[in-house]
Amino acid sequence: MPVINRIADFAEDMKAWRRWLHAHPELELDCHETAAFVVDRLGEIGVDEIHEGIGVSGVVAIIEGQGEGPTIGLRADMDALPMSEETGLGHASEIPGKMHACGHDGHTTMLLGAAKYLAETRRFSGRVALIFQPAEEKSSGAKVMCDEGMMERFDIAQVYALHNLPGYEFGHFATTPGPIMAAVDDYVIHIQGKGGHAAYPHGTRDPLIAAASIAQGLNAIVTRDLDPREDLIVAVTQIHGGSAHNIVPDTAMIAGTVRSFDPDVRDMAERRLREIVAGQAAAFGVSAEVEYERGDPPVVNHAREVALAGDYAYVADYLGLAVIDISNPFENPDILNMTMGAEDFAHMLDARPGAYLFLGAGEGAGLHHPKYDFNDEISPIGASFFARLVETLQPV
């Protein structure tokens with residue numbers, strides 16, 4: 001896949017940056033060592049401004065172009081996941097229980113590569129705001145940065161982000177106007193019964209039987225309460241309770257996640273979950289409490305910005321960007337349109353127009369897998385996309 005020649009020249013530097021980041025993962029808002037690495041590279045690159053400590057450990061750097069113009073924001077996430085790595089690679093995580101299993105090390109590298117090129121050439125008007133964000137996986141770093149006034153402080157007019165996608169064709173881009181990633185909600189159900197000896201079940205109120213019935217009932221939300229043309233997931237991912245073969249426990253716990261796109265569907269799912277829990281608890285003579293936490297909203301791309309990112313000849317033809325209209329998703333079913341995954345970049349798109357795109361990484365272990373590793377060969381492609389996007393949208 002062709003890339004900008006100058007970016008190809010320092011592709012090995014990008015690989016070294018990425019592998020250092022991979023070996024030193026950090027979680028949530030605590031990305032201070034990662035941020036320090038980013039700041040050091042930005043200083044070497046020669047950006048005009050570096051602002052630290054936004055969203056606890058986030059960094060925003062500014063590159064001035066030629067002449068007056070708006071500020072375009074480019075975002076990369078920096079945090080890793082709380083899981084152990086099983087790749088056996090020379091640059092594998094050095095921190096037990098932490099791993100860059102989603103490619104945020106690569107996203108940071110792609111943005112640093114674009115920064116190096118843009119700082120050298122400055123063939124654009126206005127300014128570029130390089131956003132290095134912590135806590136995408138948990139704690140919603142994008143929301144924290146926006147709540148601290150990042151968009152207003154740096155006068156960001158539009159914002160874009162890339163995410164690598166294993167299993168999708170190498171070097172190909174995919175995006176869509178409108179919803180592209182789902183809202184994410186989490187729930188925990190605490191069931192209080194009456195424990196006792198398993199040989200005398202009539203003297204108990206078994207919370208495990210209630211838990212099993214609740215879990216089955218939650219499946220009916222998608223199959224019986226939802227228009228089949230809508231999108232919704234209500235997943236039970238945990239059931240805990242009991243400690244021995246001959247004991248009926250006092251308590252049980254159910255937990256899971258809910259994914260949706262439409263606000264009305266989101267409201268319906270929460271309402272029906274609470275009703276099913278209450279009804280099943282009453283039926284089995286136990287009590288139940290629901291903790292329901294609304295997370296990030298859906299990622300909704302702005303149609304104009306998707307068109308701007310995809311319709312310009314250089315971006316679309318040279319880099320092979322594929323833009324889909326989700327009203328006709330079956331025209332090319334091999335191209336991604338919407339996913340039930342979630343992303344806190346939704347908050348940045350709520351604050352400013354922009355677009356979120358996927359970049360195919362080719363074959364390899366999937367995201368959040370212990371044997372995943374970011375494909376360094378796509379770093380120059382992602383950096384080239386960011387750079388040309390700026391030059392195309394904000395020409396001198």
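In strand S12, His240 has Met253 as its bridge partner. Helices (H or I, at least four residues) and strands (E, at least two) are DSSP runs numbered from the N terminus, and two strands pair if DSSP finds at least two bridges between them. The structure is a predicted model, in which local features need pLDDT of at least 70, side-chain atom pairs count only at pLDDT 80 or more, and totals for chains, interfaces and linings use all residues. Residues are numbered from 1 along each chain as its sequence is written, and side-chain values use heavy atoms, with hydrogens and water left out.

## Strand S12 and its partners

S12 itself covers residues 251-260. Strand S8 (residues 183-192) also runs antiparallel to S12, with ten bridges between them. One of the pairs there is Ala183 with Ser260 of S12. Seven of the ten residues of S12 are buried, which leaves the strand mostly covered. Buried here stands for a relative accessible area under 20%, exposed for over 50%, and partly exposed for values in between (1.4 Å probe, protein chains only).

## Strand S16

Strand S16 spans residues 354-362, and nine of its nine residues are buried, so the strand is largely enclosed by the rest of the structure. In a regular strand the side chains alternate between the two faces of the sheet. In S16 both faces are covered: Gly354, Tyr356, Phe358, Gly360 and Gly362 are buried on one side, and Ala355, Leu357, Leu359 and Ala361 are buried on the other.

S16 pairs in both senses. Strand S5 (residues 156-166) runs parallel to S16 and is joined to it by eight bridges; Leu162 has Leu357 of S16 as its bridge partner. Strand S6 (residues 173-175) pairs with S16 in the antiparallel sense over two bridges, and Phe173 stands opposite Leu359 in S16.

## The protein overall

The protein has twelve helices and 16 strands. Its radius of gyration is 24 Å, close to the 21 Å that the globule rule gives for 396 residues, so the protein is as compact as a globular protein of that length. The radius is taken over C-alpha atoms, and the rule is 2.2 Å times the number of residues to the power 0.38. The C-alpha trace spans about 80 × 45 × 40 Å along its principal axes.

Of the 396 residues, 54% are buried. Among contacts (heavy atoms within 4.5 Å) with a separation of 6 or more, 81% come from residues 24 or more positions apart. The accessible surface comes to about 16,400 Å², and carbon and sulfur atoms account for 49% of it. Areas are from the Shrake-Rupley method with a 1.4 Å probe, and for residues only the protein chains shown count as cover.

The side chains include 28 positive and 59 negative ones, and the centres of the two sets lie 2 Å apart. Lys and Arg count as positive and Asp and Glu as negative, while His and the chain ends are not counted. Each charge is placed at NZ of Lys, CZ of Arg, CG of Asp or CD of Glu.

## Selected residues in helices

| Pair | Separation along the chain | C-alpha distance |
|---|---|---|
| Asp267 and Arg127 | 140 residues | 40 Å |
| Gly217 and Ile276 | 59 residues | 6.5 Å |
| Ala383 and Phe37 | 346 residues | 18 Å |

Asp267 lies in helix H8 (residues 263-283) and is partly exposed at 40% relative accessibility. Gly217 lies in helix H7 (residues 207-224) and is buried, with a relative accessible area of 17%.

Ala383 is in helix H12 (residues 379-393), where it is buried with a relative accessible area of 0%. With residues up to four places away in sequence left out, Ala383 touches Ile7, Met14, Met110, Gly113 and Ala114.

## Positive phi in two loops

Most residues other than glycine have a negative phi. Glu28, which is not a glycine, has a positive phi of about 50°. Glu28 sits in the loop between helix H2 (11-23) and helix H3 (32-45) and is partly exposed, with a relative accessible area of 29%. Val56 likewise has a positive phi, near 75°. Val56 lies in the loop between strand S1 (49-54) and strand S2 (58-64), and with a relative accessible area of 43% Val56 is partly exposed.
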